[in-house]
Structures are given as structure tokens and as C-alpha cells.
Amino acid sequence: MVELESIGQHKRVRNYVGGAWRDISGDEELTSVNPATGEELATVPFSTAADVDEVVQTGNEAFESWSKRPVEERIQPLFRLKTLLEEHQEELAELLVEDHGKTIAEARGELRRGIENVEVACGIPSMMQSGSLLNAAPNIDESAVRKPLGVFTAITPFNFPGMIPLWFLPYAVATGNSFILKPSEQNPLVAQRLFEIISEAGFPDGVLQLVNGGPDTVNALIDHDGVEGVSFVGSTPIAKLVYERAAKNGKRAQAQGGAKNHIIVTETADLEFAAEKTVSSATACGGERCLANDIVLVEESVYDEFSDLVVEEAANQVVGYGLDEQTDIGALISPEHEQTVRNYIQTGIEEGAELLLDGRDVTVDGYEDGNFLGPTVFGNVTADMVISQEEIFGPVFGLASVADIDAAISRMNESQFGNAASLFTGSGADARKFRHEGEIGNLGVNVGTSAPMAFFHFGGWKDSFFGDLHAQGEDMIHFYTDKAIYIERWPDA
Ligand code: NAD
């Protein structure tokens, strides 16, 4: 495994507080395990309310001077952070594979998307400006400014441990706040390494801090009076809990939840291209992506042809250890999650869906202890089936035949979720209809996975998101600042 100085010889994850590594005082703990090999990587103790209190107080002390620094000074450590992350990208990608299970190509791509957010946040001097107007009234000039607010926290999930913290962290500190990350307890080692790198970037002590732990740690952060706002990314039930709890405590909150995403394929689409993109969308990262499209609605005139193409493409995916460059589908995060996905496959069979490709018997030589599952494809998935409605979060997807684009959009919009959807078509009219009528946050046309670049916001609709301002880009500046108005009159002027 990539060596981490910060976890020490006993391999216990630590917090990063006020510029130093600190032991965690909680008794509760978890073991982080390499999902492909079963190797124990580190112990993850859970921070107590006392640990959280110390981190929040330190963050507030740091905020006092950090928020007053000139904006040009605040972005210099971000430029250094970008360079450091690029220098360490390969080593971080390897660690990410070891702690998460995805492929090395996916890990590299994820880190690149994270670094792009650091780049965007370096533009804060322009992005943070607000409007001003001379002679807004007789002898009166009026202007609006944005001010940082204090300590913000982000609670992040296991599936993108390198990218998702960077949806928030660079914007929080560039706007003049201090920031505390609480990564997933299932695979916290990338965050641990990220903060080793951050410690070299030149941020003042206490501006960027790391706190490890589980649900009680999260609740201590949300309940703390010294925390101004909470960003959350994870499953829908927890997103809802976090959003409600933060609101009850009078805090700003944005909470991104789970998903059930659709692909629509019309008869005018390039079917081979659509099949290739469908399979990669549904199975990349082992299907553990909030943007994975796993219900495919196909116009009935091309359903059989598309179904053959997609099953052939899926059957060609190589399941294996993520560090092997030829692997397409890596390991799932834990044996428990693998069992959940297997249960969904069983449910699909019992519900009467047609099992077109069964990935349950896959074995990977040399990695018998890994959480592997091969691509699994269902046909004739009807709207009332559990596998059509619930997030599976594995390399499993279903096909359904629909009469036309109207029927497809209507079925897609019935979902309780609204994170992402893609349309494959050769028709501009269908694309326009999809764009206008889709009740979805991220829409793609002839794009397998509609993941927005860092300079656009990232976030879904309906039960995929609670709040108004999304992650990434300009929304982050609004989330991390409040506006004030200055009205000036100088009667002698
Ligand atoms: P999760 O909800 O189990 O955990 C996310 C975070 O919440 C972790 O840091 C965890 O410690 C904390 N947490 C867990 N239970 C809690 C509780 N009871 N109270 C307070 N905090 C708690 O999610 P996960 O399994 O790590 O991630 C997968 C989920 O995240 C999927 O549903 C996926 O769709 C979603 N996700 C959504 C997006 C998006 O942009 N909408 C992006 C990535 C992942």
C-alpha cells in the first residue's frame, strides 16, 4: 500500500487540526479494507463531540485572520495545491484504487475532475465580485458585496473519495471561510493523503481541517454553534436527515442524495455507440456512481437489436483488480454492499424480469477475497418493479421497451429521483423535447454520463437533492458567502 506518514506505525487514521495530526479520542472504530484483496489497510476511530468541538473552535480562530486577508493572498495556496495534487496524482490514484476498489483509469479521471475545482476556485477574485451602481438614487451610489461567514463542513460519501471533497473545499477557503472535511469512514485514506498534501500548500493553520468519524461525528458537526453551514453528499435517507437537522439548527445546508437514472434510446440513434456508452455508464466504478444510468428505455422498433448489442458489450467487460490496467470493472466497496446488490439481482428475477446476462458467478484469479460482481443485464423491466425504482449501486442494469419518446420521458419523470439522464438519438426534435420536459438535474444527449465540468454546478432534482445551491462552480460562491448592500451619499460631492 502507498505509505501514509499521518496514520503512524499503528495505522490508525488521525484528524488534522490546527495544522497538526491528532489522535482521535472515540472508542468506536471501523477497519478500512482493500475491497479487492481483503487486506486490512487502517483502523478508523470515530471522533467524539469533544474532538469536533476542538476542530470547530480552531476553525473559528483561523477564520478571524483568514477572512481578512486580501483575496489574492488567499488563492496562492490554492495554486500550490493544484500543482502538488498534479505531482502526486498517480500515487493518489493508486491509493484510491486500494481503498475504494475502482479502476486506476477511473481513479485518475476522478482526481482530474477534483483538481479542476481547485483551478476554478483560483478565479475567486473575479467570481466573488458583486454589482455596483453609480447614481442609484439622487446623489447616491449603491453597491453589493459578498462576505465569508465562518466555518463550513462537508460530509462526503465513499464512492468518489478524491473528487467530492474538492467540490467544496477550494471554494470555501477561497471565499475566506475555514473548512472541515468529514470523509466516509469506509475509505478515508485518500482524504488522509489529501491533507498531508494540503499541509505542504501553505494554508494558515486551522483554515483547512480533517475530522474522521461516523454518524455521531456528523451530528456533532451539524449541532455545533460554531458551524455556519453543511454540505452533504450521500444516500437520500441520510441527505434528508442532515438537511432537516441543519435547518433545525438554523444553518445553511445543501444535501445531495441518491439516484435512479435513465437512458433513452430512440430508433434514430447510432445503436452501437449508444450500447457502448450505456454499458460504461451503468458499470463504470462498479456501478457505484450517482450518475450511473441503469434503466434503459428503448424504442420498441429497435429494442431487440439494441438489446443484443448491449449484452454483447457488457459481456466483454473485464472484471478484476483496479490496479491492472486492463480491468473495466473493479471491486465493490464491501462484502455487505456486494450482498445488497446480489439481493437486488434475486429480486429482479423473482419480479419476472428477464435475466439476459448474469454476473453473479464471476471469479477473479488471485483475488478470491475480493467483492467482485460481473455485469448483469435484465430485459423487460417494468415500471412497477423494485429494480426499476430503487438505486442498486452495482454493475446491474435493466432494459425496457417503450412506444416512443413521449412514453420514455413520462416513465423517466415518474421516478422519485432526478439526478441524471441521457438520450441517444439522431433527432433534434427528440433532443429538444427531452431537454424541455426532463425533470432531471443533469441531462445528456448522445453522452453516456452527464457529469458537469467544475465551472458548472453539480446536483440533481427531487429526492436526489435537498437545498437550492448545488456543489461546484458559481453556486458554491453563493453558498459560502452572504451579500451586503452599501448605500453612500456625500452631499458636498
Ligand atoms: P451514506 O449516506 O451511507 O454516507 C455518506 C456520509 O454520511 C458518510 O460520511 C457517513 O459517515 C455519513 N452518515 C452515514 N449515516 C449517517 C447518519 N445516520 N447520520 C449522519 N451521517 C451519516 O452514503 P454512501 O454509501 O457513502 O454513498 C453512496 C450514496 O451517495 C449513493 O446513494 C449515491 O447515489 C450517493 N451519491 C450522490 C451524489 C450526488 O451528487 N447526488 C454523489 C455521490 C454519491
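Let me start with helix 12, which covers residues 335-351, has 17 residues, and reaches 24 Å from its first C-alpha to its last, close to the 24 Å expected at 1.5 Å a residue. Please keep in mind throughout that what we are looking at is a predicted model.

If we ask which residues of this helix are buried, the list is H337, E338, V341, R342, Y344, I345 and G348. Seen down the axis of helix 12, those buried residues fall within an arc of 150°, and so they line one face of the helix. On the other side of helix 12 we find E336 and E350, both of which are exposed. As for what lies over the buried residues, the cover includes strand 15 (376-379), helix 13 (386-389) and strand 16 (396-402). Just after helix 12 comes G352, which takes a positive phi of about 100°.

Now I would like to move to a pair of helices. In general, two packed helices are described by the angle between their axes and the distance between the axes. Here, helix 3, residues 89-100, packs with helix 7, residues 189-198, at an angle of about 155°, and their axes are 9 Å apart. Since angles over 145 degrees count as roughly antiparallel, helix 3 and helix 7 are therefore roughly antiparallel to each other.

Which residues make this contact? From helix 3 they are E91, L92, L95, L96 and D99, and these meet L189, V190, R193, L194 and I197 in helix 7.

Notes
Residues are numbered from 1 along each chain as its sequence is written. This is a predicted model: local features need pLDDT of at least 70, side-chain atom pairs count only at pLDDT 80 or more; totals for chains, interfaces and linings use all residues. Side-chain values use heavy atoms; hydrogens and water are left out. Helices (H or I, at least four residues) and strands (E, at least two) are DSSP runs, numbered from the N terminus. The expected span of a helix is 1.5 Å times one less than its number of residues. Buried means under 20% relative accessible area, exposed over 50%, partly exposed in between (1.4 Å probe, protein chains only). The arc is that of the directions from the helix axis to the C-beta atoms. Contact means heavy atoms within 4.5 Å. Axes are lines fitted to C-alpha atoms, for helices over the stretch in contact, and angles run from 0 to 180 degrees between N-to-C directions. Angles under 35 degrees count as roughly parallel, over 145 as roughly antiparallel, 65 to 115 as roughly perpendicular and the rest as oblique.
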